[in-house]
Every structure is written in structure tokens, then in C-alpha cells.
Protein chains: 2
Amino acid sequence: MGTRLGKQTIRLDSKPVIQSWASIVGAKEGHGPLGRFFDEIVEDEYFGEESFEKAESKFLRETLSKILMKGKVSTGDIQYIFAGDLLNQCIAANFGLRESEIPFFGLYGACSTMAESLTLGSLMVEGGFAERCVCITSSHFCSAEKQFRFPLEFGNQRPPTAQWTVTGAGGVMVGKAGDGPRVVHVTTGKIVDMGITDANDMGSAMAPAACDTITAHFRETGLPLNYYELIVTGDLGIHGKNLCLRLLEENGITVKDFFDDCGVMIYDQQKQKTDCGGSGCACSAVVLAGYILEKLSRRELNRVLFVGTGALHSPISVQQGESIPAIAHAVGIEMV
Amino acid sequence: MGTRLGKQTIRLDSKPVIQSWASIVGAKEGHGPLGRFFDEIVEDEYFGEESFEKAESKFLRETLSKILMKGKVSTGDIQYIFAGDLLNQCIAANFGLRESEIPFFGLYGACSTMAESLTLGSLMVEGGFAERCVCITSSHFCSAEKQFRFPLEFGNQRPPTAQWTVTGAGGVMVGKAGDGPRVVHVTTGKIVDMGITDANDMGSAMAPAACDTITAHFRETGLPLNYYELIVTGDLGIHGKNLCLRLLEENGITVKDFFDDCGVMIYDQQKQKTDCGGSGCACSAVVLAGYILEKLSRRELNRVLFVGTGALHSPISVQQGESIPAIAHAVGIEMV
């Protein structure tokens, strides 16, 4: 049933368990610093399909299979799937999951989708509405560049604040019982728009939203600032991460010694030439379902605040001179 | 906590109440057969804004204001808002609601969004996670034509199976207590794809999904086929409605005497030249928040099964030769 701790936060008293997780990534991600944590690395950016969009759907479909296999369940054991992606009309999820036969809730949270889906899936379990939910998302460098920026063939230059869309899919199965990491708190974000208009600097647009949600989380839970061994934002990148830390500092929240960002962690920015770091729905999803949950399950980490961040703009809104609204959802995950 | 009745259906034992509702529509909808049920009719398709996208955002923003005003609450009384729309990256919702300061879950369910949001909002109330949720969506003929089909200036011809995107926004506030219509059952759809590839015939693509969910609803609840005074699908249009009735008949579900479709109801297809009828997220949303809930609250109807239907394709997926996956979510609404 949960206990409401404030305007944005719920404590999940049953502590739903993340029973299994899986991640499949592309070559660049596989060759990055977290490569060994992913379940599968796919060198072919088409994943054997005819288009980048179909490849992205396949990343999702295969990741769902792995989650079920690792959790030793079949699709019939899952009550709901929460999924979304960055593509127009979320076709990666819609097509990737269409054969699953699982009751489906489509989401759009941009790069916050992993945290949004995990929040809703965990609440469904906590509320007694589901025995098990799958929460899953994807992104693909090539489909995202084509849709949001330029065709790859155009060979445009990237500004230093740009981020690199992660190719891959990640997801989890959350359920009632088990030994895995548990979802203990969810703090749901409001849309925050500080007037940033540069679509090549999404970190700056998202940092205030991340700061807002993290601040609300500590205010509403009353947890000490050093409660979590890791506070990890979705994909602010190097620039956004630093900005977020500065904004948190202004709110009296000094957490820089145990703060990191999935977009910073997933690539070696220097060697891999990814400018400010990774982005895309898959960025936080594969770092969660690869690195973070592995570390938790081995008890190398015990308490993590996972903060998915999303920039809620579109190419059309940017062309029309609009600023970039952003959102961040926080999920407190603990070994208990 | 709800009682799970089967793979797709939950009975909401606390029967969350639809405490207030509002709808704002464009000129064509206002001049249609349901015109007198809408809260406001906006003759200017730009709604005083500079673009169709900004106009659509304004429809949403103003509808949210009306829902709150009619419900005599302020934004601070709402724990969650569930919203989405048809535009790429759901910018109507993201921009229309960015000043609301309400914890936000973005959805993409195409034209099923009203039913999807109402399902999730009601479950949040049933689960004890929220006192009140707002569930809301929008669409706009001009922004949808531009994005999904052709610029209006092109003046393309419409095939007879085409549907007309409803301009407007509709939404509800669902909460714990009150005298209004109540959400008693939710049956969540799976993605169904029967291989239809004609994006100008979405009714045929969605009818099998509607049939699948309605069949599951009756099978899992055990309710008699004449339990509802009205079973109303989202926006199958004339052709899709007839197909759905035929498919239901094949499943032994004869409900044609109390079956209708929001897309058929909202326009006078002959006089208004809307071909097969209305579509778009706002179609089922404004028929629900205009006509259906008014009829229920006056007890002119007592039991309605509201079945939002969505076609989960995109222009890109159609260009790549893909078929059209569809989904339908059913919500049983009753006066008790």
C-alpha cells in the first residue's frame, strides 16, 4: 500500500524485489568501461535487421527474453509491461514487444523512461495489482541521430556539449519476493523548465530537474545525505553532472563524493570521443541493468538512488523556439 | 488493493470516483452532434497561439484548469498527472503541463491514451498511493495531419476509410471519495497486430485489439453480456466498429444493441464529411469527459464499458512496410 512521505515520495513498505535484469548493448558501449557488466554486446548496428528502427526493436525484444530467462519465468507470469523509447510514437517498444502477449502500458519519458517504468512497475507490485512487472526501454545511436539531428551520411560536426545516444536496451523484472535488490522509495518528478534552448546541451536542461527531484527526495524521506553509497543520475553528461552538483550544493545538499552519472560512466569520453557522455533511454537502463544491479546483488553496493533524467523536447519544439522542459524520477534501491 | 480477476482484469474494490471532468474542443467537434456536452468550443484552430502544436498544448493546459476548477481543488491537491498525446515526443503534454508542478507520468498509447491514463490513475487511487490523479490527453487535426499525413496546404484527397483527428483535449480527476461515476474494473490490453498495413484504415487495425480486450473483460469478470448499458470503443470509426462487432460475434459476444464508438458519435459523418469518423487521443477523451460522464452523473446511463483503442504505428514504420500494431484498454465505469 505504501506510505506517502510528501508531495512526491512514496515509501514502498513491501519493498518490491528486482528479481531479474538484463542488458544488451552495441559495440561502442561494449568496448567502454562497463563492457563486462552487460549480458550481450552486438557488434552489428543493424542487429541483422533492415533498418535502425527494426534493430532497436530487436534490442528490446531480445532483452525481454533475457529478463524472462534469467528470472526463470515465461511471459504468462508477467502481469504488466511498462515500456517506451525515444522514437516518434515509441515504435521501438510497440513493435519490439508486440508478440509478447503481456498487458502493455506505453510510456514516454524520454531518457527518464527506465526510472518512470520502474516506478510504475514497483507501485503495481506494492499495490497488489501484479505479481511481476517488466520495466524496459531502449535507444539506438543511429535511429536517434537520424530522427533528432542529421542523417549519419551528412557527417555533421558535434559541439562539445553534445551527448552520444547509447545503443542498446535494458530492463528489469520487479516482483513480490526474492533475494534481489529492493525498491524502497520512489520520488516522482515534476516537469522543470529553466529556459535552456540549446538542444545540443541537454545536460544543462536536465540538471535542474535532477536537482529538484533529489532535493525533494531527501526533504521528504528525511534520510541523511550520506544514506546512499551511490546517487546516480540518468544521463546528464559531464557538464550536466557538474551543474547538478552545483545546484544541489546551493540547496545545501553536498553529495559529490558519492555522486555519478550513467552518461559519464558508460563511455571513456576521451578515448571514445563521446564529448559530454552518453544519453538516450538505454543509457540509464543498461547502466542500471548492467552495472548497478550487479554491484547491488554482490553487495558491493547496498543503497543506490537511481535518478532517471529526461529532456521532454522534440525537433519541432526546438524549431519553434521553445525551451527544453525536463523531468527526473528517483528510485531508491537497497539490499535489505 | 483490488482483486485480480484474470490475466488482464482487476476489480477495484474501493471504486475510485471520477470527481470532475472537462473537455474543450474545436469548431468542427463543437458543431457536431455532441456539441452541447463540451465545456468550451474554440473556433480559432490556433487558439490564439503561433503554431498548431502550441495550440494543442493550450487545449491541454486549459482543460487541466477546468478540471481543477470544477473539482474545486488546486494543483497542490493532485498527486499525479498521467498524460500523453500523438505528437512526436508527446510535446503537447510536455509543454502544456510544464507549469503544473504536479508529479508527472508521460504516456504513449496513441488514441488509447485516455483509457490508459484513467486505468493508471484509478490504480494509483485504489492502491492508496494518491488521493487524486488527473488523467488527460489531447489531439489536434492540424498538428496531426501535418505530422502523420500531409501539410494541409497540400490539399490531399482522403480515402473513404480515413478518419478525422479530433481537435481538443479531455480529462478527468479520479479520487477516493464522492458521488460521481466510479471506476470498477480495468482490463488492460495486449498489443495485437493482425497484419493490416493501410495507415488510412486504422479502424481495421484497431478492431481486433478492441475485440480481444472486450472478450477478455467479459471472460474474466464473468459479467453478463447485457451488464453495460453502453459499450463504447475509442475511435474505430464506422468501418472499424462494424468489423469489431463482427469479430465479437465470432467470439459469441453479441452486444450490438448497446455498442457504439466515440469516433462515430462525435461527428455527423455525412454532413460534416468526416469519412469514417473521428480519431485522435482527444476523440475518446472528449466523448468520455463530455457526453459519457454527463450521462452517467445524471443517471441517464448507469454502467458503461469505455474501451480506448490505439494504433501504435508511426509514419516511419509505415514507410518501412510494417503492419500496424494496436491496443485497447477497457475501463468499467458505473454509478453505484
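The largest cavity in this predicted model is lined by Leu86(A), Tyr108(A), Ala110(A), Cys111(A), Phe148(A), Arg149(A), Thr165(A), Met202(A), Ser279(A), Gly280(A), Ala311(A) and His313(A). A cavity is here a set of points, on a 1 Å grid over the protein atoms alone, where a 1.4 Å probe fits but cannot get out, whereas a pocket is an open set with protein on both sides within 12 Å along at least five of seven lines, and a lining residue has an atom within 4 Å of a point. By class, the lining of the largest cavity holds seven nonpolar, four polar and one charged residues, where Ala, Val, Leu, Ile, Met, Phe, Trp, Tyr, Cys and Pro count as nonpolar, Asp, Glu, Lys and Arg as charged, and the others, Gly among them, as polar. Because domain 1 (3-175) and domain 2 (182-334) of chain A both give residues to this lining, the largest cavity lies between them; the domain bounds come from an automatic or database domain assignment.

Residues are numbered from 1 along each chain as its sequence is written, and chains are lettered from A in the order in which they are written. Local features need pLDDT of at least 70 and side-chain atom pairs count only at pLDDT 80 or more, while totals for chains, interfaces and linings use all residues, and side-chain values use heavy atoms, with hydrogens and water left out.

The search of the whole structure finds three cavities of 30 Å³ or more. The table gives volumes, each being the space filled by probe spheres set on grid points that are joined across faces, edges and corners.

| Space | Volume |
|---|---|
| Largest cavity | About 110 Å³ |
| Second largest cavity | About 50 Å³ |
| Largest pocket | About 380 Å³ |
| Second largest pocket | About 280 Å³ |

The second largest cavity is lined by residues of chain B, including Arg149(B), Gln163(B), Asn200(B) and Met202(B), and it lies between domain 1 (3-175) and domain 2 (182-334) of chain B because both give residues to its lining.

Of the 27 residues that line the largest pocket, Phe148(B), Arg149(B), Ala199(B), Asn200(B) and His313(B) are the closest to its centre, and the lining divides into 14 nonpolar, ten polar and three charged residues. In the second largest pocket, which has 16 lining residues, the closest to the centre are Phe148(A), Arg149(A), Phe150(A), Ala199(A) and Asn200(A); its lining draws at least three residues from each of domain 1 (3-175) and domain 2 (182-334) of chain A.

The two domains of chain A have centres, taken over C-alpha atoms, that are separated by 17 Å. Between them, domain 1 and domain 2 of chain A bury about 5000 Å², 63% of it on carbon and sulfur atoms, buried area being the accessible area (1.4 Å probe) that two parts lose on being put together, summed over both. Gln8(A), Cys111(A) and Gln163(A) supply 17% of the area that domain 1 of chain A buries against domain 2 of chain A, more than any other three residues.

Chain A and chain B bury about 5200 Å² between them, with 59% of it on carbon and sulfur atoms. Eight salt bridges are counted between chain A and chain B, a salt bridge being a side-chain nitrogen of Lys or Arg within 4 Å of a carboxyl oxygen of Asp or Glu. The side chains of Asp193(A) and Arg98(B) meet in a salt bridge at 2.5 Å, N to O.
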